[in-house]
Structures are given as structure tokens and as C-alpha cells.
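Welcome to this short tour. Please open your viewer and keep the selection tool at hand.

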Amino acid sequence: DAMIPDAFDLSQNYPNPFNPSTTIEYALPKAGQVNIAVFNMLGQKVKTLVDEVQQAGAYKVRIDASELPSGIYFYKIVAGEFTATKKMIFMK
């Protein structure tokens, strides 16, 4: 049996800086709607990674940013009452 996390968590992506892909891990202590999106420095959404109902558990999502310009990006999770944002650096 997979362990159910006891808290929401959004991990720092790895590798970071990255080119052109990176992995984000996150944990959900309970099922619910999950949205994870990537934003540029201006706060514009450039990519939606997850937008669905997910069961409790630990997840990984890969980002391929090859079509985006180099720079600093933010990724944000919204899952129920939980939101978190982390910074990542894309270097071509």
C-alpha cells in the first residue's frame, strides 16, 4: 500500500536550473480538484500541468519548457484550501 501523505506539499523542482525539462513532486493528503500551472515573471499563465480531480497520494509531473524563452518562472498548485508557489529557472 502506498502511504497517504499527512499534509499537502509542493516540492522544489529538480533539476533547477533546467533545460529543457524538469520534474515537480507534490503530495495530496486527500482527494480533490488539483490545478498546477506555470507562470512567467509578469504573472501570465504559460502552461497548465495538471487540471483534474486526483486521489490522495504522491505525484510527479514533468515540465517540458522547450518552447518557452529562458528565464525565471513560477509554478503554483491549488488543491482545495492549499496553495503554494515556487520559483524555477529555465536556461537554454
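Which residues does Ser-70 touch, not counting residues up to four places away in sequence? Select Ser-70 and you will find Phe-90, Met-91 and Lys-92 in contact with it, where contact means heavy atoms within 4.5 Å.

Before going further, a note on what you are viewing: this is a predicted model, in which local features need pLDDT of at least 70, side-chain atom pairs count only at pLDDT 80 or more, and totals for chains, interfaces and linings use all residues. Residues are numbered from 1 along each chain as its sequence is written, and side-chain values use heavy atoms, with hydrogens and water left out.

**Stop 1: Ser-70**

Stay with Ser-70, which lies in the loop between strand 5 and strand 6. Its side chain reaches the backbone nitrogen of Lys-92 at 3.0 Å. Ser-70 counts as partly exposed, at 43% relative accessibility; buried means under 20% relative accessible area, exposed over 50%, and partly exposed in between (1.4 Å probe, protein chains only).

**Stop 2: the whole chain**

Zoom out and colour by secondary structure. The chain has seven strands and zero helices; here helices (H or I, at least four residues) and strands (E, at least two) are DSSP runs, numbered from the N terminus. The C-alpha trace spans about 40 × 25 × 15 Å along its principal axes. A compact globule of 92 residues would have a radius of gyration near 12 Å, and the 13 Å of the chain agrees with that; the radius is taken over C-alpha atoms, and the globule rule is 2.2 Å times the number of residues to the power 0.38. Of the 92 residues, 35% count as buried.

**Stop 3**

**Stop 4: Asn-13**

Is Asn-13 buried or exposed? Asn-13 is buried, with a relative accessible area of 3%. Its side chain makes polar contacts with the side chains of Gln-12 at 2.7 Å and Thr-22 at 3.1 Å. A polar contact is a pair of N or O atoms within 3.5 Å; within protein, one must be able to donate a hydrogen and the other to accept it, and residues adjacent in sequence count only if both atoms are side-chain atoms.

**Stop 5: the hairpin and the core**

Now show strand 6 (residues 71-79) and strand 7 (residues 82-90), which pair in the antiparallel sense over nine bridges. In their hairpin, with two residues between the strands, Gly-80 takes a positive phi near 60 degrees. Ile-77 stands opposite Ala-84 in strand 7.

Ile-77 also leads you inside: with Tyr-26, Val-34 and Leu-49, Ile-77 touches the most other members of the largest nonpolar core, which has 22 residues. Such a core is a set of buried Ala, Val, Leu, Ile, Met, Phe, Trp, Tyr and Cys residues joined through side-chain atoms within 4.5 Å. Finish on Leu-49, whose contacts beyond four places in sequence include Ile-24, Ile-36 and Val-61.

Note on methods: Pairing = 2+ DSSP bridges.
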